[in-house]
Amino acid sequence: MEWIPTISELSGPRYQRIVEAMEADIAAGRLVRGQQLPTQRALAKALGIDLTTVTRAYTEARRRGIMEARVGQGSFVSETSARRAVDLPHPVAIDLSMNVPPHPLEAQLDERIIAGLEALHAQSGLTAYLNYQPPGGSAHEREVAARWMRARVAHAQADRLVIFPGAQTILFNLLAHLARPGDTVLTEALTFPGIKAAAARLGVKLVGVPMDEDGILPDALAKASRVHKPKAVYLIPTLHNPTTATLSAERRGAIAKIIRDAGTILIEDDAYGLLDRAASPIANLIPERTYLATTLSKCIAPALRVAYLVTPDSGAQRDMRTSLQATVQMPAPLMVALVTHWIENGIADRIISAIRNEAVGRQQLAQRALKGFQFLARPAAHHLWLRLPEERPDLAAHLLRNGLAVVAGDAFTVDGAPPHAARVSLGAARNRSELTEALRILVGALQKPADTRQIV
């Protein structure tokens, strides 16, 4: 049965009433993602209104991101709440370079943001969050976060936790706290570009440790620790960026012993841990030697700018709060309050579950599209690590010329020659339809013979 909105009980211009009815029916489950909507002409006839009103309503629905038009197929309920990109750099048409979470309609982010802010307003008024707050979060906010994190980090306590405005701020402050210019920090041979940028800015030397498709090699880490006497070891043990490698329990145990025996410190980047809760953080094995960073950027949304740092002890917590105050003063109080409300009411977990399910669906789509090609992936990851043909050294540039952006291996390489591979961020596509088109372009480029490359 075709969707016919009830607009007689709503107020305002008719086109707005159609859009508001569409939003309400999506929220109530009467419209589901990917469901085809009636043609503009059919809806105008059913409602007894002129066609231009329906056209205006559909245009507004597309602007709000709740509806998408597919050429030659019709109009459909959007698969995500993402708006149409208006500021992608030319000539990028589809950007799979940013490793961000998808926003499926099931996450109900728009509705939950509005409802959350309304709850905060009713509780204390929004202006209460427009003044300076304690650096690192209030005692209540830290207690709520610690209680939530104890599902993954057994020793998380309010007096060992600091709330930061994003994981990048954590990494910069940790490097500044633990190392001095010229000091060495070990990391995987391929690592997060953010730690590379922070280390370069602070004059800290990063040394890459060999890894295989299952993650960093313990024997290589032990050797590097003896040779370089590092101030710290930075690792992404779960859904590694960019390879998606997730360390086994055996490797986590071996790495914990190496760090303890070397007398060094672990910076554990748990950015993706909430997407794969079966992987227990290394911090659980050596809590006294680990700074564990968990961010909401990869499991809810990057613009919330809320991340949690669990420190080895209360003294380290005070040091990091002081460092935070000296650099950025505090995280945004209104965003922290919103996230705290979501955690207390179980909303954060429901959002993360919806995003995790969408990530699984997108990985399945990619598995089918890339069958026969070499790549590393994990079911709940937002990205995959694709091996590129050796005879196509210009493939990333070729993709960009065809409107598709991915990130080549040199962005992640710490030292040595970069691998001929690319990170493909599946969550960055605005919906599965766009992801399907991006994968079609990617597969076409991978299959293109080397001798047909453009000569310039």
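How are α11 and α12 oriented to each other? I began my notebook with that pair. This is a predicted model, where local features need pLDDT of at least 70, side-chain atom pairs count only at pLDDT 80 or more, and totals for chains, interfaces and linings use all residues. Residues are numbered from 1 along each chain as its sequence is written, and side-chain values use heavy atoms, with hydrogens and water left out.

**Entry 1: α11 and α12**

I looked up helix α11 (residues 333-344) and found that it packs against α12 at an angle of about 90°, with the axes 5 Å apart. The two are therefore roughly perpendicular to each other. For my own reference, angles under 35 degrees count as roughly parallel, over 145 as roughly antiparallel, 65 to 115 as roughly perpendicular and the rest as oblique. Axes are lines fitted to C-alpha atoms, for helices over the stretch in contact, and angles run from 0 to 180 degrees between N-to-C directions. Helices (H or I, at least four residues) and strands (E, at least two) are DSSP runs, numbered from the N terminus.

On the α11 side I listed His 341, Trp 342 and Ile 343, and on the α12 side Ile 347, Ala 348 and Ile 351. Contact here means heavy atoms within 4.5 Å. By class, this contact has five nonpolar, one polar and no charged residues. The classes are simple: Ala, Val, Leu, Ile, Met, Phe, Trp, Tyr, Cys and Pro are nonpolar, Asp, Glu, Lys and Arg are charged, and the others, Gly among them, are polar.

**Entry 2: α12 and α14**

Next I followed α12 (residues 347-369) to α14 (residues 432-447); their axes come within 10 Å and cross at roughly 30°. That makes α12 roughly parallel to α14. From α12, the contact includes Glu 358, Arg 362 and Leu 365, and from α14 it includes Arg 432, Leu 435 and Val 443. I noted six nonpolar, two polar and three charged residues in this contact.

While in α14, I stopped at Glu 434. At 12% relative accessibility, Glu 434 counts as buried. Buried means under 20% relative accessible area, exposed over 50%, and partly exposed in between (1.4 Å probe, protein chains only). Leaving aside neighbours within four places in sequence, Glu 434 is in contact with Ile 94, Ala 428 and Ala 429.

**Entry 3: α1**

I checked the length of α1 (residues 14-28): at 1.5 Å a residue, its 15 residues should span 21 Å, and the end C-alpha atoms are 21 Å apart, which agrees. The expected span is 1.5 Å times one less than the number of residues. The buried residues of α1 include Tyr 15, Ile 18, Met 22 and Ile 26. Buried residues of α1 pack against α2 (40-47), α3 (51-64), β1 (67-70) and β2 (74-77). Just after α1, I found Gly 29 with a positive phi of about 85°.

Most residues other than glycine have a negative phi, and most peptide bonds are trans. I therefore wrote down the exceptions. Asn 241 and Pro 242 are joined by a cis peptide bond, with omega about 20°. Pro 242 lies in the loop between β9 (232-235) and α9 (249-262).

Arg 305 has a positive phi near 50°, and sits in the loop between β11 (290-295) and β12 (307-310). Its relative accessibility is 33%, so Arg 305 counts as partly exposed. Gln 329 has a positive phi near 75°, in the loop between α10 (314-327) and α11. At 25% relative accessibility, Gln 329 is also partly exposed.
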